[in-house]
Each structure stands twice: as structure tokens, then as C-alpha cells.
Amino acid sequence: MISSLKYTAPSPLAGSAAFSCRKRVPVPRLPPSIQNLQQSTALPSFSSHKPLYIIPCTQNLTLSTKPRRKVAGCHAYEADKSQPQAAETSEAAQKLKIGLYFATWWALNVVFNIYNKKVLNAFPYPWLTSTLSLAAGSLIMFISWATKLAHVPKVNMDFWKALFPVAVAHTIGHVAATVSMSKVAVSFTHIIKSGEPAFSVLVSRFLLGESFPIPVYLSLVPIIGGCALAAVTELNFNMIGFMGAMISNLAFVFRNIFSKKGMKGMSVSGMNYYACLSILSLLILTPFAILVEGPKMWAVGWQTALSQIGPNFVWWVVAQSVFYHLYNQVSYMSLDQISPLTFSIGNTMKRISVIVSSILIFHTPIHPSNALGAAIAILGTFFYSQAKQ
């Protein structure tokens, strides 16, 4: 290392032996020789956009020809604020991502319910309609895996065994909800389906022996009361439609229980998990759909719908099938990003959007008491999601 600096320029300092670095210098400007020293020692560059702090020297620089082993340097460091800024940017990006998930989930669900009701009004065969929804989702995922748009899941036979009871419950819930919407208004089906938390608590309490805090039980009062008020005051009440929605609630509760207990430790993404669930549910549902309705009934109903609606009917069938898979896929993908509480609140808001949009689009007549019951039930669902946490 260079140990001394020789300064020969005429100045009042020529007669002095040394100068101290401890002196207060308004502007830290160095003599030419020291500047050359700075260039030769390859000091790191500093950003002009961040504050620069200089630590005072504790040693003196002596202007003499006597060699020295060390030269005291003034150390500088930058105030690094990039980490907090990066954290804020990451948090904002995560909130935006969750918002996009919710907006997409709600929009796809509204579109599905609209086209699903249109198809069922013209083609009242819910078993085939449910089968086509699962078939479209399975086809979409097979294409995504083949083209490498989605990662192919690595699953084994244990995974399919654990998924089987989940798929059975999912199939029953899906068909029951479709049967319900073929008999009653979309808004009424979703009002009854908002009572799913009540089924969840009752099944968990009496079959699984789980206990819940008192606020959870209290939140069931407005849910059950609101659903009852909506059912009693429904202008186009149908028992098959009502029971379909109730069976769907019960089936989806068991689906969640089986999924929670049997799928622990299974490292599969939300998108691939729902894809596998759709494929297995399709295999379960297809023979029952053929047995209950059958190709002959489908052929007659298809020709009748085409004669009444025209080619648009085919588009309706394709749309309801594709959008069913997409909205469910997005909901399962969102579970990878958000907490169960946030998901539950989002599901409550989804029902509100579906009920309101279906009433506006289909001009569904609704009694004030029916609207009050729906509001009470949905509000109770929100209270349940808060109390459950």
C-alpha cells in the first residue's frame, strides 16, 4: 500500500509538518495527488441518489518523505432503502394479484350461472349438462398438459384413492345444484346454498365431534332464519329445486371434510388438484347420467332446443361448460394465494354478485320478504366466516 503523500505545490501549508483529518472541511475536496491515489486504489462508486455518510478519520496524514505502512482512509457508506421499497412493491403486487383473482372468479361465476340457466330452460336435462361441464374441464386440462401450458402433476395411486371420496361428494353436489337450477330461479338456489356453513357446523359437531366457539353457533341463527324466510316467501317455489340446493350444500360439506382429511401431504397445485377432481368426477358421473336420462331423451331434447333457439343454443352449451371449469379452477388457484378466511369472504361476495345479476338479467320476480331473507342469510354467512377464525 502507498504509505505517504508528497505535496509540493506552494501554499501556506508548505512549512507545516502535518495536517489533521479531524479538521472540519466544508467541502471534501482532495489535492491532486490524493485524487490520483483515489483513482489507483479502485474505490467503489457511490450513487448520487442516496445520502452519503462519512466517518471521521482517527489518524493523521503526515506530509513527509518518511515511508509509513498505513494510510488512514475515510470510510463511506450509502443509506440503502431498497429493501423496504422492494417489500412495499411486493405487498402491493400481492394485493393486486388477489384482487384480480377475486374479480375473475366472480365474473366467471356470474357468466356460468347465466348460460347454465339459459341451457337448462331450453334443455331440461341437468345430468347431461353436468356431465358436459366436467368433460369440458377435463379436455381443457388434457390440452394444457399436452402443450405444456400447465405443469403435469406427479401423482400416484395413493393420491387417486384419497381423491375418490372427494370426487364422489363433488359429483353429487354438482349434479344436485344443477338439478336445483333447472327447477327454480338462480337467485333462489344461491340463497339456499348460502346456508352451507350451517351444514358444515352441524356435520362437524355431530358426526366428527368437533366443537366451535359460541359466536360460530350464534352466526347460524341468521343463516338458517334467512334461508327459511326466503324459502317461505319464494314466489316460484319448487320442492325438487329446494331439495337439490340442500343436498348440494351437504355434499360440498363432505367434499371439504374428505379433502381436508385425505389430501394432507399431497403436494399438488390448486389448478391440477381441481383438474384431477374433474376427471375422476367425470368418470363417476357418466354412467349415472346415461342411466337416469339416456341418449334417447338427450337426442329429442337437443333437437327441440335447436328448433326453438337456433345455433346459439350450441354456443350456450359450450359457454356454460367452459365457464364452469374456469371459475372453479380460478377459485382453487386462489386458495394457494389467500387465507381460508379471505376465501370465505370472497365466496360470500360471489353469491351476492350472482343473485343480483341473475335477478336483473332474468327479471326474476322477488317479494320484499324474500329479498330480506336473502340479505339476512348472506349477512349471517359473513358473520360465520368472521367467527370461525
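Is Phe188 buried or exposed? I looked it up in this predicted model: Phe188 is buried, with a relative accessible area of 0%.

Next I searched for aromatic pairs, and the whole structure holds 20 of them. I noted Phe159 and Trp160, whose ring centres are 5.5 Å apart with planes at 80°, so I logged the pair as edge-to-face. Phe159 is buried at 1% relative accessible area, while Trp160 is partly exposed at 27%. I then went back to Phe188, which pairs edge-to-face with Phe237, at 6.0 Å centre to centre and 80° between the planes. This pair links distant parts of the chain, 49 residues apart: Phe188 sits in helix α5 and Phe237 in the loop between α7 and α8. Phe237 is partly exposed, with a relative accessible area of 37%. I also found one aromatic cluster formed by Phe123, Tyr125, Trp302 and Phe313.

With Ile172, Met239, Met243 and Ile247, Phe237 makes a nonpolar patch of about 450 Å². Helix α8 (residues 239–262) gives the largest share of that patch, three residues. I checked Met243, which lies in α8 and is partly exposed at 38%.

Then I turned to helix α3, residues 126–146. Its 21 residues reach 30 Å from first C-alpha to last, close to the 30 Å expected. After α3 comes Lys148, with a positive phi near 65°.

Last, the cysteines: I counted zero disulfides. Cys227 is buried at 11% relative accessible area, and Cys276 is buried at 1%.

Methods:
Residues numbered from 1 in each chain as written. Predicted model: local features only at pLDDT ≥ 70, side-chain atom pairs only at ≥ 80, totals over all residues. Heavy atoms only, no water. Disulfide = S-S within 2.5 Å. Buried < 20%, exposed > 50% of the residue type's maximum accessible area, 1.4 Å probe, protein only. Helix = DSSP H or I, 4+ residues; strand = E, 2+ residues; numbered from the N terminus. Expected span 1.5 Å × (residues − 1). Patch = residues over 30% accessible without salt bridge, like charges linked within 9 Å, V, L, I, M, F, W, Y side chains within 5 Å. Areas by Shrake-Rupley, 256 points an atom, 1.4 Å probe, with all protein chains shown as cover. Salt bridge = Lys/Arg side-chain N within 4 Å of Asp/Glu carboxyl O. Phe/Tyr/Trp six-rings, centres within 6.5 Å; stacked < 30°, edge-to-face > 60°.
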